[in-house]
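Have the sequence and the 3D view open as you read.

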Amino acid sequence: MKARIKFSKNGSMRFIGHLDVMRYFQKAFRRADIAMSYSQGFSPHQLMSFASPLGIGLSSDAEYLDIVLEDSESVTDFVARLNAAMNDEIRVREFTVLEEESKTSMAVLAACDYLITVKPGRTSFLTEKEQRKEAARRFAARDAIEIVKKTKRSEKMVDIRENIYKLTDDRDEFEAFTGGRYGEITLDTKEYLPVLYMQLTAGSIVNIKPELVLEALCTQEEKEYDGYSYQIHRLEMYADGDAKKGEIHTLSSEIPCRLVPLSEYGRACPK
Amino acid sequence: MRKLALSDEILLSVEKPARYIGGEINMVKKNPSKVDIRFCMCFPDVYEIGMSHMGIQILYDMLNLREDTYCERVYSPWMDLDKIMREQNIPLFALESQEPVRDFDFLGITLQYEMCYTNILQILDLSGIPLRAKDRKEGDIFVIGGGPCAYNPEPIADFFDIFYIGEGETVYDELLDTYKEWKASGRDRVEFLKAAAGIPGMYIPQFYEVKYQEDGTLADFYPIVKEAPKKVLKQVERDMSDTFYPKKPLVPYIKITQDRVVLEIQRGCIRGCRFCQAGMLYRPIRPRSLEFLKRRAGEMLRSTGHDEISLSSLSSSDYKELSELVYWLIDEFQGKGVNISLPSLRIDAFALDVMSKVQDVRKSSLTFAPEAGSQRMRNVINKGLTEEVILKGAKDAFLGGWNRVKLYFMMGLPGETWEDIEEIAVLSDKIAREYYTIPKEERNGKVSIVTSTSIFVPKPFTPFQWSPMVSKEEAKEKRYFLLDKVKGQLNAKSIKYNCHDADVSELEGIFARGDRKLCDVILRAYESGCIYDAWSEFFHYENWVEAFQEFHVDMDFYIKRQRGEDELFPWDFIDIGVTKDFLLREYNNAKAETVTPNCRVKCAGCGAAKFACGVCKE
């Protein structure tokens with residue numbers, strides 16, 4: 001039985017890399033005595049895959065892990081049982097049973113929402129409300145946003161304007177745009193000052209890192225970008241309800257993208 | 001959110017920040033201000049190595065059972081963080097509370113190998129603890145050492161307030177109770193040490209004085225306060241099935257060297273191999289009951305979620321109920337995706353059956369540790385493994401589908417001849433030949449044999465404690481000789497030969513049988529930048545040579561000398577049960593190439609019977 005878990009990742013767990021989080025879950029499932037399905041062979045491993053690795057240092061409200069369960073009994077109290085076997089800084093928030101034919105979240109991922117905050121004890125021009133409002137406005141008005149994309153072999157300039165679906169300093173505006181209600185964000189926003197919200201293209205075809213967008217914004221404002229000053233927090237991940245395989249819809253596409261949070265995409269009929 | 005000692009900026013700029021954040025699954029949480037004793041347990045090497053050590057997990061669990069004590073952990077910061085901490089004056093902190101180590105009551109350092117000695121100084125230095133015990137003042141932490149290298153603590157005696165001689169399960173309660181009483185009394189620091197000296201197994205180096213002869217050997221070694229005993233008796237846990245063993249071991253976030261449940265099935269060894277220090281130190285052998293092991297295996301697998309369990313002991317095949325335990329583990333856990341690993345297993349029909357059930361035969365390799373190539377030399381070292389047994393084991397394994405073999409040997413054993421070394425190559429080849437006696441259609445491709453040699457390091461409390469160690473030059477010559485002999489074998493193409501670094505072994509040899517004169521040398525080497533000496537990329541041999549020269553300490557004195565039968569050794573004040581008379585008898589048996597039967601066949605009268613437990617009572 002295919003299922004999807006949505007979890008948050010905060011605090012010291014920000015320093016645990018993607019592969020280690022995978023190992024962490026493997027052990028947590030065993031501790032919680034959840035009947036996972038295993039691959040065949042002499043060193044069987046649990047069938048699981050992440051939607052998108054979160055960079056070290058980033059925090060998140062919405063990480064997605066797809067798993068395969070042996071039986072439907074494991075579904076009972078799934079969230080409570082798993083959370084009892086976890087630490088305080090990785091918490092399961094939602095559990096969705098998927099249709100058997102549904103694709104992995106990695107395959108359908110189309111966009112991510114991010115919150116940019118300024119870390120306690122750090123300074124940034126973005127802490128000034130007027131400055132960040134103006135910066136976001138200027139950013140949104142641009143026709144092209146060129147960044148340097150580094151690969152192993154070369155560096156090239158790419159225009160990512162069409163991959164930035166939204167960038168604003170205003171939470172209400174952002175929520176109106178995404179159609180989501182984030183409720184309580186698991187990052188402590190009394191400590192970390194929220195300054196910007198953004199929705200960016202994500203997935204295996206094009207994946208825009210929020211750091212690059214933030215850096216481009218700093219460059220636009222002629223400010224130095226200091227990555228250590230900002231805590232980047234992932235808010236949500238989406239699939240595109242209308243995209244076909246190998247296709248992405250961006251701002252410049254004829255067909256607009258129809259984003260659905262991963263926790264709702266491919267959900268099996270409710271019981 | 002947990003408070004961390006290091007800033008995000010630092011954590012994001014070092015390799016594997018998870019080494020420093022603590023918070024692992026099953027980590028013990030207590031309020032540090034609500035306990036009487038804060039104990040910081042340290043393994044002086046990098047996190048992945050230190051976290052793999054079961055001994056610390058046993059002590060961590062045991063000490064935290066005391067409500068009045070909070071035991072936390074610290075490991076050596078890696079080179080990248082070491083540099084940052086020095087530059088920014090960040091004090092070394094414990095993983096649990098993330099608070100500075102120097103504010104604790106005790107720093108307990110486990111001494112698992114000699115090459116970690118400079119890392120001890122790194123820990124003290126980064127913590128801001130005076131390096132020498134004599135410079136520590138009222139209110140300073142007490143530094144206590146334990147583990148195998150504590151059986152010759154003299155080369156690092158200056159840096160420790162106390163050495164705990166023996167197994168950790170035994171007298172910590174007494175030590176901590178004594179500490180609490182002393183703390184409440186408000187008396188001087190030295191008074192606690194005097195009280196501790198009265199607890200069996202405690203060695204307080206500053207209460208002893210050493211006199212040397214003109215030739216540099218010990219003339220006398222004696223206590224200078226009335227509280228300190230003349231001999232320190234090793235402490236032994238007598239009932240291994242009614243003692244501390246964690247039900248909920250720590251589970252790290254990053255991959256560590258031993259990323260599995262470790263079940264110590266017995267302590268000690270009956271074999272009496274003459275090169276093996278552990279085989280003498282942990283006498284007598286004490287098995288844990290099958291019932292105890294089954295219960296713990298289940299509890300530990302459930303509480304950790306590990307997908308592997310490893311049975312640990314010096315010689316698993318000597319555990320009488322091994323097959324019952326192993327088949328039970330397979331029945332109980334294999335269906336849940338749990339892998340079972342059995343190191344130190346003699347290759348026989350049982351071993352092959354188990355291995356074929358738990359491993360992928362095509363991907364795994366067989367390991368034999370003949371330790372010496374010739375039967376003559378195996379008699380010298382009392383390694384009761386015959387060529388017949390090795391070849392039979394190999395043949396059976398080949399028939400079962402295996403085609404990879406690892407062989408471990410030592411070079412530089414006492415009385416070793418060129419023929420003995422050549423026999424290493426010959427034995428490797430015989431195993432390969434054994435493979436090709438199998439009809440071609442039944443073979444699984446080519447055979448691959450990896451033959452490794454390490455340099456034999458004579459250790460205290462072994463029959464070879466009187467022996468000189470092979471010199472670096474000789475070791476090199478022997479290595480080339482063996483390489484040449486391997487190349488001359490019929491199956492040379494199937495045999496790969498590896499060998500161990502001679503510079504590191506030389507220092508290990510010096511520290512192993514060293515005396516107090518080495519404290520200055522080790523401190524100077526540390527000051528000149530030596531740290532992580534066990535890691536070849538950080539090992540600076542030339543710094544060590546300079547440090548020895550500066551203090552006019554002769555390296556050869558410790559390794560090249562044949563020691564006299566009546567020489568007083570720096571470690572002779574420790575009583576491990578096994579007597580010096582027995583060790584000398586065994587040394588003479590070695591020279592006569594006489595084999596001594598194992599403890600279960602016939603008691604050799606080693607002296608360990610005074611502990612009245614384990615095999616001595618079977």
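B:Pro284 sits in the loop of chain B between helix 8 (277-281) and strand 12 (286-287). Helices here are DSSP runs of H or I with at least four residues, strands are runs of E with at least two, and both are numbered from the N terminus. The peptide bond leading from B:Arg283 into B:Pro284 is cis, with omega near -5 degrees.

A word on ground rules: this is a predicted model, where local features need pLDDT of at least 70 and side-chain atom pairs count only at pLDDT 80 or more, while totals for chains, interfaces and linings use all residues. Residues are numbered from 1 along each chain as its sequence is written, chains are lettered from A and ligands numbered from 1 in the order in which they are written, and side-chain values use heavy atoms, with hydrogens and water left out.

Back to the backbone. B:Glu371 isn't a glycine, yet it has a positive phi of about 65 degrees. You'll find B:Glu371 in strand 15 (residues 366-371) of chain B.

Buried means under 20% relative accessible area, exposed means over 50%, and partly exposed is in between (1.4 Å probe, protein chains only).

| Residue | Relative accessible area | Class |
|---|---|---|
| B:Glu371 | 14% | buried |
| B:Phe461 | 5% | buried |
| B:Val358 | 6% | buried |
| A:Gly179 | 67% | exposed |
| A:Cys112 | 0% | buried |
| B:Cys42 | 0% | buried |

B:Val358 belongs to helix 11 (residues 349-358) of chain B. Leaving out residues up to four places away in sequence, B:Val358 touches A:Phe42, B:Ile330, B:Gln334, B:Asn339 and B:Ile340, where a contact means heavy atoms within 4.5 Å. B:Val358 and B:Arg433 are 75 residues apart along the chain, and their C-alpha atoms are separated by 27 Å.

Over in chain A, A:Gly179 is in the loop between helix 5 (171-178) and strand 9 (193-201). A:Gly179 and A:Val260 are 81 residues apart in sequence, and 9.7 Å apart in space from C-alpha to C-alpha.

How many disulfides does a search of the whole structure find? Zero, over all chains, with a disulfide taken as a pair of cysteine sulfur atoms within 2.5 Å. For A:Cys112, the closest cysteine sulfur is in A:Cys257, 12 Å away and so too far for a bond. For B:Cys42, the closest one is in B:Cys40 at 6.9 Å, again too far for a bond.

Finally, the overall picture of chain A. Chain A has six helices and 11 strands. Its radius of gyration is 19 Å, close to the 18 Å that the globule rule gives for 271 residues, so chain A is as compact as a globular protein of that length. That radius is taken over C-alpha atoms, and the rule is 2.2 Å times the number of residues to the power 0.38. Along the principal axes, the C-alpha atoms of chain A fill a box of roughly 55 × 45 × 40 Å. Of the 271 residues in chain A, 52% are buried.
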